[in-house]
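Visitor: Hi, could you walk me through this one? I'd like to start with the ligand and then look at the backbone.

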Amino acid sequence: MEASFKEKKLFTPGPLCCSRSVKEAMLVDVGSRDSYFVSCVKEIRPSTSWRLLSEAEYTAIPLQGSGTYCVEAVLQTTSPRQGAKVLVLANGAYGRRMGQMCAWAGLEVRLEEFPEDQRLDLAKVEALLRNESFTTVAVVHCETSTGIINPVEDVARLVASLQPGAAMVVDAMSSFGAVPLDISGSGIDYVVSSANKCLEGVPGFSFAICRTKHLLSCKGNCRVLSLDLVDQHSALERSGQFRFTPATHAMLAFRQALREYASSGGLEGRAKRYQENRSILRVGMKRLGFRELLKEEDAGYIITSFHFLQHERFDFPKLYSRLSDKGQVIYPGKVTNADCFRIGNIGHLFPDDVRTFLGHLEDVLKEMGLPVPLP
Ligand SMILES: *Cc1c(COP(=O)(O)O)cnc(C)c1O
């Protein structure tokens with residue numbers, strides 16, 4: 001380890017902090033065909049969907065790579081080689097990224113952009129669905145670029161009634177496992193998340209929860225071998241093995257992360273901890289003079305965007321690096337029309353970590369010569 005390295009708390013959209021026991025679960029080398037590893041995959045796949053779903057209806061498919069890889073895999077896999085048309089509903093950077101994926105793949109796409117500081121407008125979505133037909137509709141649950149929670153179940157119900165043939169795809173990367181989502185009840189066909197968000201595994205792979213019947217109708221669609229979820233699924237079903245080198249260590253860590261998830265109260269437990277993190281953060285930030293970007297009814301409890309302080313001494317790069325020196329990592333904003341930054345509540349962070357963070361933030365503001373709290 002480099003002498004200068006000091007472990008930090010990550011108040012970011014990812015990568016995120018993991019428990020020591022999750023990291024320790026990686027301290028073994030295991031072959032991908034070893035029965036020990038195959039049984040690990042066997043434990044992970046059904047429990048990824050976490051009894052939120054009926055196993056008869058949905059199947060979980062892990063895929064090597066970060067979350068983006070799996071979103072791209074779903075968009076590719078659900079788009080027929082002829083006549084595909086994807087509707088992407090975007091109110092932030094992750095939504096726009098799905099539009100970019102379609103464009104790069106040469107898929108016909110309608111990227112419909114909405115204001116970044118508001119939830120998707122359902123009346124507009126309905127009008128779009130009445131006017132044009134699509135093979136896939138894609139939407140982001142928690143748009144991590146701001147923290148907004150989109151009404152994806154309502155969008156899915158509209159798609160089910162107006163375009164029952166379209167695949168309904170939800171990027172629930174930063175919310176899955178911590179924000180309730182009625183997947184089968186609202187008619188969602190695909191949900192994508194990754195190992196290192198709310199389930200608190202280490203980064204290295206992502207997964208898609210797929211309505212099995214729909215997935216099996218997608219054979220031959222994918223234009224990229226490594227991203228073909230139908231092929232990935234059939235290999236896993238046939239032999240319990242991956243087609244290409246799996247992220248073995250990351251999967252061992254994930255199995256431990258899922259066990260810890262279950263023993264700490266599952267979705268309710270995680271939601272409660274993140275909500276507590278957020279409420280301590282909100283009170284503390286408000287006291288220091290920070291204003292939030294979003295209205296309370298639009299904001300979730302995954303990550304919060306704050307406006308820069310309106311003061312000549314406020315300097316975000318300086319704030320960032322001084323906080324980082326104190327072991328606290330925050331994140332720049334990702335909206336196009338406002339100067340803001342983000343503080344995440346997810347990963348292995350607890351209310352005491354948030355209190356410690358707020359103390360460091362106050363110290364840094366004072367060091368920078370800002371009056372605290374700002375009048
Ligand atoms: C983190 C995240 C992703 C995936 O990003 P990767 O860097 O590829 O893991 C996609 N969508 C959302 C909403 C996210 O929060």
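Visitor: Which pocket does the ligand take up?
Guide: The ligand takes up the space of the largest pocket. A pocket here is an open set of points on a 1 Å grid over the protein atoms alone, where a 1.4 Å probe fits, with protein on both sides within 12 Å along at least five of seven lines. This is a predicted model, where local features need pLDDT of at least 70 and side-chain atom pairs count only at pLDDT 80 or more, while totals for chains, interfaces and linings use all residues. Residues are numbered from 1 along each chain as its sequence is written, and side-chain values use heavy atoms, with hydrogens and water left out.

Visitor: Nice. Which residues are around the ligand?
Guide: Among them are Ser 66, Gly 67, Thr 68, Tyr 94, Arg 97, Asp 171 and Lys 197, where being near takes a heavy atom within 4 Å. By class, the shell has four nonpolar, five polar and three charged residues. Here Ala, Val, Leu, Ile, Met, Phe, Trp, Tyr, Cys and Pro count as nonpolar, Asp, Glu, Lys and Arg as charged, and the others, Gly among them, as polar.

Visitor: Which helices supply at least two residues each of that shell?
Guide: Helix H3 (67–77) and helix H4 (93–104) do. Helices are DSSP runs (H or I, at least four residues) and strands are E runs of at least two, numbered from the N terminus.

Visitor: And how far is the side chain of Ser 66 from a ligand oxygen?
Guide: An N or O atom of the Ser 66 side chain is 2.5 Å from a ligand oxygen. For Thr 68, a polar side-chain atom lies 2.4 Å from a ligand oxygen, and for the Lys 197 side chain the distance is 2.8 Å. Polar contacts are pairs of N or O atoms within 3.5 Å.

Visitor: Switching to the backbone, which peptide bonds are cis?
Guide: One is Gly 14 to Pro 15, with omega near -5 degrees, and Pro 15 is in the loop between strand E1 (9–10) and helix H1 (20–24). Another is Val 372 to Pro 373, with omega near -10 degrees; Pro 373 lies in the segment after helix H13 (351–367).

Visitor: What about phi at Glu 200?
Guide: Glu 200 has a positive phi of about 65 degrees, though not a glycine. Glu 200 sits in the loop between strand E9 (190–194) and strand E10 (205–211).

How values were computed:
Polar contact = N/O pair within 3.5 Å; in protein donor to acceptor, adjacent residues only side chain to side chain. 1 Å grid on protein atoms, 1.4 Å probe; cavity = no way out; pocket = protein on both sides within 12 Å on 5 of 7 lines; lining within 4 Å. Sits in = over half its atoms within 2 Å of the grid points.
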